[in-house]
Amino acid sequence: MKVVIAPDSFKDSLSALGVAQAIAQAWQKVFPEAETILCPMADGGEGTLEAVLEVCKGEWREKTVIGPLGKPVQAKWGWLKQQKIAMIEMAQASGIQLVPPSERDACQSTTFGTGQLILDALDAGAKDIILTVGGSATNDGGTGLLTALGAHLLDSNQHVLPDGGLALSNLSKIDLTHFDPRIQQTRFLLAADVTNPLCGPNGASYIFGPQKGATSAQVQLLDQALVHFADISAQLLGFDKRDEAGSGAAGGLGFAAKSYLNAEFKAGVEVVANLNQLAHKISNADWVITGEGKFDRQTLNGKTVFGVSRVAKMKNVPVIVIAGTLGEGYQALYEHGVTAAFSLTNGPITLEQACEEAAELIFERTIDIARLIQFNMKQPLKIT
């Protein structure tokens, strides 16, 4: 029996590797001879870097950069030396987890630190840079990143704009004279699990601004500022990507990456699946086991379980989902490759307790699932 174990992390409790290890240990207790292949996964958000470097045996790099509110932070990025591929997880430098809830400020936060990581990757000789952009604290349209790479954003008095998305309402000119020339010789890939445009009711500010600290009034101002930034960019570049899928990712960093770095956009889980050779590993497998903290209809929006299930469906391999909770509409995933889904708990439990006991709960639920499969394998074929 060959089983591919390809879960996402369980937020605030276990990494994707930790989840995979708990599942593998339980499976092998019931099926000692089974071949278990661990393939930690992610969808472009926090944890993507760890998942890829674990499977691809990449190197961790670290640099002190400017965090989302201007304070220094230690940020890591990944280096696949042989392929000269750099993986930059913007959450490391500009992530919402770096800012306490009471201090979150969508109007002032900056992506400058993410740009600094790109510079570090260019200095290392990167030919390809993969930007994973989930979990941002920012709404600056990626202008902090552009500034770190040498762009000058000026107001009508030729003064440099302060950090943050709100300041873009005063943008008059974007000067690319000192923009790093290595950008033109580097391929960029934008990996995200959202397809929102830059502006409008489904754009970066309206959909994601509130969770980053923006009030209703500030959301409107931020959206107007991003519209203005897009207008100035279109005049400068001669094209306009504001309405393209993914331009609203990470508070509009997607727009900057597509417009100024010529980045190609792909679903984060697809990028991770390709790097981790998921399709190859699933070939000839008997089962695929995947999972995430909350499994519901939102999983259809490009999240890890959806991506893994699609690959498995193409290979005609059944998929088991183990999730912290099963939310509304999860059954919709049955049409996309999921065979069965299981929640970790059978009774009332606090979120804190579930997070603390996640490894044990995953182990126990996997034992139950494996025993059921074992019993079914022992039964004689019934011909009706």
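Student: Why does Asn262 count as exposed?

Tutor: This is a predicted model, and in it Asn262 has 64% relative accessibility. Exposed means over 50%. The value passes that cut-off, so Asn262 counts as exposed.

Student: Where is Asn262 placed?

Tutor: Asn262 sits in the loop between helix 8 (249–260) and strand 10 (264–267). Its phi is positive, about 55°, although Asn262 is not a glycine.

Student: What makes Asn316 exposed?

Tutor: Asn316 has 70% relative accessibility.

Student: Where is Asn316 found?

Tutor: Look in the loop between helix 11 (304–314) and strand 12. Asn316 follows helix 11. It is not a glycine, yet its phi is positive, about 60°.

Student: Why is helix 11 called largely enclosed by the rest of the structure?

Tutor: Count its buried residues. Eight of the 11 residues of helix 11 are buried, so the helix is largely enclosed. The buried ones are Thr304, Val305, Phe306, Gly307, Val308, Ser309, Val311 and Ala312.

Student: What covers the buried residues of helix 11?

Tutor: The cover includes helix 9 (268–275), helix 10 (278–282), strand 11 (287–295), strand 12 and strand 13 (338–343).

Student: Why does Val319 count as buried?

Tutor: Val319 lies in strand 12 (residues 319–326). Its relative accessibility is 0%. Buried means under 20%, so Val319 counts as buried.

Student: Which residues does Val319 touch?

Tutor: Leave out residues up to four places away in sequence. Val319 then touches Val288, Thr290, Ser309, Ala312, Gly337, Val338, Thr339 and Ala340. Two of these names, Ser309 and Ala312, are also among the buried residues of helix 11.

Student: How far apart are Val319 and Val4 in sequence and in space?

Tutor: They are 315 residues apart in sequence. In space they are 9.6 Å apart, C-alpha to C-alpha.

Student: How do you know that Lys2 has no salt bridge?

Tutor: Lys2 is buried, and the nearest side chain of opposite charge is Glu35, 5.5 Å away. A salt bridge needs a side-chain nitrogen within 4 Å of a carboxyl oxygen. Glu35 is beyond that cut-off, so Lys2 has no salt bridge.

Student: Which backbone oxygen lies 2.9 Å from a polar atom of the Lys2 side chain?

Tutor: That of Lys281. Lys2 itself is found in strand 1 (residues 2–5).

Student: Which residues does Lys2 touch?

Tutor: Again, skip residues up to four places away in sequence. Among those touched are Glu35, Ile37, His280, Lys281 and Trp287.

How values were computed. Residues numbered from 1 in each chain as written. Predicted model: local features only at pLDDT ≥ 70, side-chain atom pairs only at ≥ 80, totals over all residues. Heavy atoms only, no water. Helix = DSSP H or I, 4+ residues; strand = E, 2+ residues; numbered from the N terminus. Buried < 20%, exposed > 50% of the residue type's maximum accessible area, 1.4 Å probe, protein only. Lys, Arg positive; Asp, Glu negative; His and termini not counted. Polar contact = N/O pair within 3.5 Å; in protein donor to acceptor, adjacent residues only side chain to side chain. Contact = heavy atoms within 4.5 Å.
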